[in-house]
Amino acid sequence: MNKTMVSVIVPSYNVASSVARCLDSVYGQTYGDLEVIAVNDGSTDDTLQVLSEYRRNHGSLILIDQSNLGLSAARNAGIDAATGEYIFFLDSDDYLGPEEIELLANAMSEDVDMVVGGMTYVDADGNILRTVCDPACRLDELGYWDRVYGNPNGNSVEYIVSWGKLYRAGLFKRARFAPGKIHEDEFMLHHIVKQCGVMAVVPVSKLYYVQNNASITHRPSARSKLDIVEAFLDRNRYFLDKGFFGRPFAK
C-alpha cells in the first residue's frame with residue numbers, strides 16, 4: 001500500500017550534542033515515506049557542521065541554513081520547504097521511538113485533519129520521568145478546547161504544544177508561527193484548530209521529551225510572561241469571534 005509522505009521539520013539551534021540522536025530516531029522510523037528537513041537557525045556552536053556531516057551520510061536530508069531568527073522562523077522555513085501531505089514537528093533535543101510516526105499516520109483518515117499523540121518526559125540520561133498520554137478518541141473544535149481547559153486526565157499539555165502531532169499540510173497554507181515569540185505554540189494553536197473538522201487522539205507516547213533546564217521555556221522572563229498574556233488575548237478574540245463565550249465546551 002502506498003503511504004502518504006510526511007515532512008518532518010527539525011529546527012536546530014546550538015544542539016551539536018543532541019541533533020544527530022534526534023535525526024537518527026527519525027531515519028529509524030518504521031514509516032518509510034519521510035521527507036526530513038533540518039533548519040539550522042544561526043547556531044554558534046558546531047550544529048551546522050554536525051548537520052552538514054549528517055547530510056553527507058544521508059543524502060535525502062534537506063538542510064536549511066539561516067541567520068538566527070528564532071524557533072518560529074525556523075519552523076516556518078521548514079513549512080515553506082515541505083512537500084509532504086502531512087507535517088510533523090520535532091525539536092532537535094528530543095527523539096522518537098521507531099513506531100511514533102506510523103502510529104500517528106494510521107489514525108489519519110479522510111475526515112481527520114490532525115492527529116494528537118502523547119509524550120514521555122525523560123531526563124538527560126534517558127530515564128523516564130512521566131508519561132502524558134490520553135485514550136483514543138475523536139474530537140470536534142469544541143471538544144478540543146474542552147481537553148485544553150478541562151482535561152479530566154490532567155494531560156492538557158499534549159493538546160497545547162505543536163510537536164507530537166501529525167497535521168495535514170494544508171492547515172499551514174495561511175497559518176504561520178508568530179516570529180519572535182517565546183510561546184509560539186500558544187499563538188498558533190487556535191489558528192490550526194479552527195480549520196479542523198475532526199481531530200483524532202491516539203494513545204502514543206513514543207516522543208521522548210528531554211527535560212533541559214537551560215532551554216528558553218524554562219527561564220522565566222518579563223518577555224515570556226508578556227508573550228503568554230498576548231497569546232491569551234489573541235485566543236480570547238478567537239473564542240469571541242466563534243461565539244464560544246457562555247457556551248459549555250463539548251464532552
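**Notebook: salt bridges, cysteines, a helix**

I began with Asp113 and Arg168 and found both of them buried, where buried means under 20% relative accessible area, exposed over 50% and partly exposed in between, with a 1.4 Å probe and protein chains only. I note that this is a predicted model, in which local features need pLDDT of at least 70 and side-chain atom pairs count only at pLDDT 80 or more, while totals for chains, interfaces and linings use all residues. Residues are numbered from 1 along each chain as its sequence is written, and side-chain values use heavy atoms, with hydrogens and water left out.

**Salt bridges**

I took a salt bridge to be a side-chain nitrogen of Lys or Arg within 4 Å of a carboxyl oxygen of Asp or Glu, and a search of the whole structure gave 12. In the bridge between Asp113 and Arg168 the closest N and O atoms are 3.8 Å apart; because Asp113 lies in strand E6 (residues 112-116) and Arg168 in strand E10 (residues 165-168), the pair ties together parts that are 55 residues apart in sequence. Helices (H or I, at least four residues) and strands (E, at least two) are DSSP runs, numbered from the N terminus.

I next looked at Arg235 and Glu186, whose side chains meet in a salt bridge at 2.8 Å, N to O. Arg235 is in helix H8 and Glu186 in helix H7, so this pair ties together parts that are 49 residues apart in sequence. Arg235 counts as buried at 5% relative accessibility, whereas Glu186, at 24%, counts as partly exposed. I also recorded a network in which salt bridges that share partners join Arg75, Asp91, Glu184 and Asp185.

**Cysteines**

How many disulfides are there? With a disulfide defined as a pair of cysteine sulfur atoms within 2.5 Å, I count 0. The closest cysteine sulfur to that of Cys22 is in Cys133, 20 Å away and therefore too far for a bond; the sulfur of Cys137 is also too far for a bond, since its closest cysteine sulfur, in Cys133, is 11 Å away.

**Helix H1**

Cys22, at 0% relative accessibility, is buried, and I listed Val19, Cys22, Leu23, Ser25 and Val26 as the buried residues of helix H1 (residues 19-27). They cover an arc of only 155° around the axis, which puts them on the same side of H1; the arc is that of the directions from the helix axis to the C-beta atoms. By contacts (heavy atoms within 4.5 Å), the buried residues of H1 pack against strand E1 (6-12), strand E2 (34-41), helix H2 (47-57) and strand E5 (95-96).
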